[in-house]
Amino acid sequence: AASLLATAFGVRTLGLLGRRTPGQLASLLSGLVIGEELRVMAPAPASMGRVDLIGSPALCERYALALRTLGIASQSHGAEVTWTGLHAMARACGMIPR
């Protein structure tokens, strides 16, 4: 199996040769990084419960597809949860009044 770095350079070559559009290249790289992240996860997929996904709809969709391929359930909460969490942390740190 090729390393992530070697594969990323292969993706770069596809762009230089005009064989993929910039959008296709971005999706391909995103998929490679997600795949590598899931590959090196410590727990075995069978031992995982549902994974909560927080982020942009496109990114959550990519993660959900990859997780589903491994037999792992997921639930997407959307990017708005990020702001809720940041707000709660700022309040807890005294950065904004309660």
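Start by selecting Arg 39 and Glu 36: they sit 3 residues apart in helix α2, so about one helical turn separates them. The model is a predicted one, in which local features need pLDDT of at least 70 and side-chain atom pairs count only at pLDDT 80 or more, while totals for chains, interfaces and linings use all residues. Residues are numbered from 1 along each chain as its sequence is written, and side-chain values use heavy atoms, with hydrogens and water left out.

**Stop 1: the salt bridges**

Keep Arg 39 and Glu 36 on screen. The two form a salt bridge, with their closest N and O atoms 2.8 Å apart. Here a salt bridge means a side-chain nitrogen of Lys or Arg within 4 Å of a carboxyl oxygen of Asp or Glu. Arg 39 is exposed, at a relative accessible area of 58%, whereas Glu 36 counts as partly exposed at 25%. For these words, buried is under 20% relative accessible area, exposed is over 50%, and partly exposed lies in between (1.4 Å probe, protein chains only).

How many salt bridges does a search of the whole structure find? The search finds 2. For another one, select Asp 52 and Arg 50, whose closest N and O atoms are 2.7 Å apart. Asp 52 is partly exposed, with a relative accessible area of 41%, and Arg 50 counts as partly exposed at 48%.

**Stop 2: along helix α2**

Now select residues 22-39, which make up helix α2. Helices (H or I, at least four residues) and strands (E, at least two) are DSSP runs, numbered from the N terminus. The 18 residues of α2 reach 26 Å from the first C-alpha to the last, close to the 26 Å expected at 1.5 Å a residue; the expected span is 1.5 Å times one less than the number of residues.

Which residues of α2 are buried? Colour Leu 25, Ser 30, Ile 34 and Leu 38. Then show α1 (4-16) and α3 (57-69), which are among what covers the buried residues of α2.

Zoom in on Ser 30, which is buried at a relative accessible area of 15%. Not counting residues up to four places away in sequence, Ser 30 touches Leu 59 and Arg 62; contact here means heavy atoms within 4.5 Å.

**Stop 3: the nonpolar core**

Next, select Ile 34, Leu 38, Val 51, Leu 53, Cys 60, Tyr 63, Ala 64, Leu 67 and Ile 72, the 9 residues of the largest nonpolar core. α2, β1 (51-53) and α3 each supply at least two residues of this core. The largest share, 4 residues, comes from α3. A nonpolar core is a set of buried Ala, Val, Leu, Ile, Met, Phe, Trp, Tyr and Cys residues joined through side-chain atoms within 4.5 Å. In soluble globular proteins, nonpolar side chains tend to be buried together.

Centre the view on Leu 67. Leaving aside neighbours within four places in sequence, Leu 67 is in contact with Leu 38, Val 51, Leu 53, Ile 72 and Ser 74.

**Stop 4: two loops**

Move to Met 41, in the loop between α2 and β1. Is Met 41 buried or partly exposed? At 23% relative accessibility, Met 41 counts as partly exposed. Its contacts, apart from neighbours within four places in sequence, are Met 48 and Ile 72.

Then pick Ser 56, in the loop between β1 and α3. Ser 56 counts as partly exposed, at 36% relative accessibility. Draw a distance line from Ser 56 to Glu 80: they are 24 residues apart in sequence and 9.0 Å apart in space, C-alpha to C-alpha.

**Stop 5: helix α4 and the end of the tour**

Select residues 80-92, helix α4, where you will find Leu 86. The 13 residues of α4 should span 18 Å at 1.5 Å a residue, and the end C-alpha atoms are 19 Å apart, which agrees. Leu 86 is partly exposed, with a relative accessible area of 40%.

After α4 comes Gly 94, whose phi is positive, near 75°.
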